Amino acid sequence: MSDTAQILTRAFDAAPPARVRDYIDLLKPRVMTLVVFTGLVGVAIAPGHVHPFTAALAVLAIALGSGAAGCINMWYERDLDALMARTAHRPLPAGRVAPDDALGLGVLLSIFSVLLMAVATNFTAAALLAAAILFYVFVYTIGLKRRTPQNIVIGGAAGAFPPVIGWAAVTGDISAVGVALFLLIFLWTPPHFWALALYRSEDYRRAGVPMLPVVAGPRETKRQMLTYTIVLLPVALAPTLLGAVGWLYGAVAVVLGLAFVGQGLAVWRAPDDETGHGAARRMFRYSLLYLAILFAALPLDRALLG
């Protein structure tokens with residue numbers, strides 16, 4: 001038995017019975033919040049009318065699909081989580097939930113979420129939701145996470161699906177605007193996660209996860225982070241350029257984007273050792289604020305300017 005397996009076995013033997021909160025934690029509620037929000041924005045700005053109850057069911061399906069993918073991810077990565085200080089307290093490595101229970105919950109929620117989306121909205125939205133779940137589980141979690149430093153770059157596609165799914169739930173198609181929203185999150189994901197990886201690099205090194213700072217070093221990671229923030233500037237303007245929203249959103253996108261580039265420059269100039277981790281932490285926090293405000297500006301622009 002490996003050291004990690006022994007740690008998990010001892011933790012499970014010593015842990016108290018699972019609580020409802022433990023099963024909620026398996027669904028990665030913090031990640032789910034962002035997924036639900038971006039999916040809701042996709043519903044809100046899509047052309048056409050949808051009954052509020054149908055919209056609520058579509059957003060619920062997106063939330064359950066996100067939780068299902070997160071649950072299966074935690075099941076598969078429980079050995080890595082046990083080795084990292086940031087994740088060792090999670091229900092599986094801490095032994096509060098049995099692995100089979102977590103896997104069963106994830107599979108059941110995956111099936112239910114896709115069926116709910118299909119019944120409540122349309123096949124296109126259901127197919128996109130199924131693709132997002134399968135991509136996150138099989139491509140990112142199983143295929144990429146432990147094998148390549150580009151895991152976040154390619155795997156970020158899974159987190160970019162929700163606004164497209166929300167858009168498709170209303171319209172039945174994807175459209176150029178849906179693609180633009182997808183690209184926005186897809187390009188935002190690497191600098192967001194690499195900022196975290198910079199100041200958590202020892203955790204990833206200990207667990208053997210080939211995150212970019214571990215494999216290529218902080219200098220190359222910072223260079224790529226800055227590059228992504230610059231590329232994001234014109235991409236974030238795409239909803240305005242495509243006519244989906246007006247220049248209120250466009251102005252917000254420019255201001256936020258320039259500040260994101262500024263965060264990338266601050267990280268680039270910071271020392272590569274632990275003394276420079278403060279800049280990476282600030283960029284990680286700002287990246288969350290950036291995406292939240294940017295997506296909030298989309299329906300706000302539509303409401304104020306039509």
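**Reading burial and packing, residue by residue**

Visitor: Let's start with L134: what does its relative accessibility of 48% make it?

Guide: Keep in mind that this is a predicted model. The cut-offs are simple: under 20% is buried, over 50% is exposed, and partly exposed is in between. L134 has 48% relative accessibility, so it counts as partly exposed.

Visitor: Say I click on I165. Which residues is it in contact with, leaving aside neighbours within four places in sequence?

Guide: You'd find I62, M117, A125, L128, L129 and A132. M117 is itself on that list of core members touching the most others.

Visitor: N73 has a polar side chain. Buried or exposed?

Guide: N73 has 1% relative accessibility, so it counts as buried. N73 belongs to helix α4, residues 52-76. Beyond its neighbours within four places in sequence, N73 is in contact with K28, Y136, Y140 and T141.

Visitor: K28 again. Where is K28 found, and what is its phi?

Guide: Positive phi in a residue other than glycine is a handy thing to look up in a backbone. K28 has a phi of about 50 degrees and is not a glycine. Its place is the loop between α2 (20-26) and α3 (29-45). K28 has a relative accessible area of 15%, so it is buried. S175 also has a positive phi, near 75 degrees, without being glycine. S175 is in helix α10, and at 31% relative accessibility S175 counts as partly exposed.

Visitor: What about loops? Where does P93 lie, and how far is it from D79?

Guide: Compare separation along the sequence with distance in space. P93 lies in the loop between α5 (78-81) and α6 (99-120). P93 and D79 are 14 residues apart in sequence, and their C-alpha atoms are 7.0 Å apart. P93 is buried because its relative accessible area is 5%.

Visitor: Zooming out, how many helices and strands does the protein chain have?

Guide: 16 helices and 0 strands. For overall shape, check the radius of gyration against the globule rule. A compact globule of 306 residues would come near 19 Å, and the protein chain has 20 Å, so the two agree. The C-alpha trace spans about 60 × 50 × 30 Å along its principal axes.

Visitor: What share of the residues is buried, and what share of contacts joins residues at least 24 apart?

Guide: Buried residues are 52% of the 306. Of contacts between residues at least 6 apart in sequence, 75% join residues at least 24 apart. The accessible surface comes to about 13400 Å², and 68% of that belongs to carbon and sulfur atoms.

Notes. Residues numbered from 1 in each chain as written. Predicted model: local features only at pLDDT ≥ 70, side-chain atom pairs only at ≥ 80, totals over all residues. Heavy atoms only, no water. Buried < 20%, exposed > 50% of the residue type's maximum accessible area, 1.4 Å probe, protein only. Core = buried A, V, L, I, M, F, W, Y, C linked by side-chain atoms within 4.5 Å. Contact = heavy atoms within 4.5 Å. Helix = DSSP H or I, 4+ residues; strand = E, 2+ residues; numbered from the N terminus. Rg over C-alpha atoms; globule rule 2.2 N^0.38 Å. Areas by Shrake-Rupley, 256 points an atom, 1.4 Å probe, with all protein chains shown as cover.
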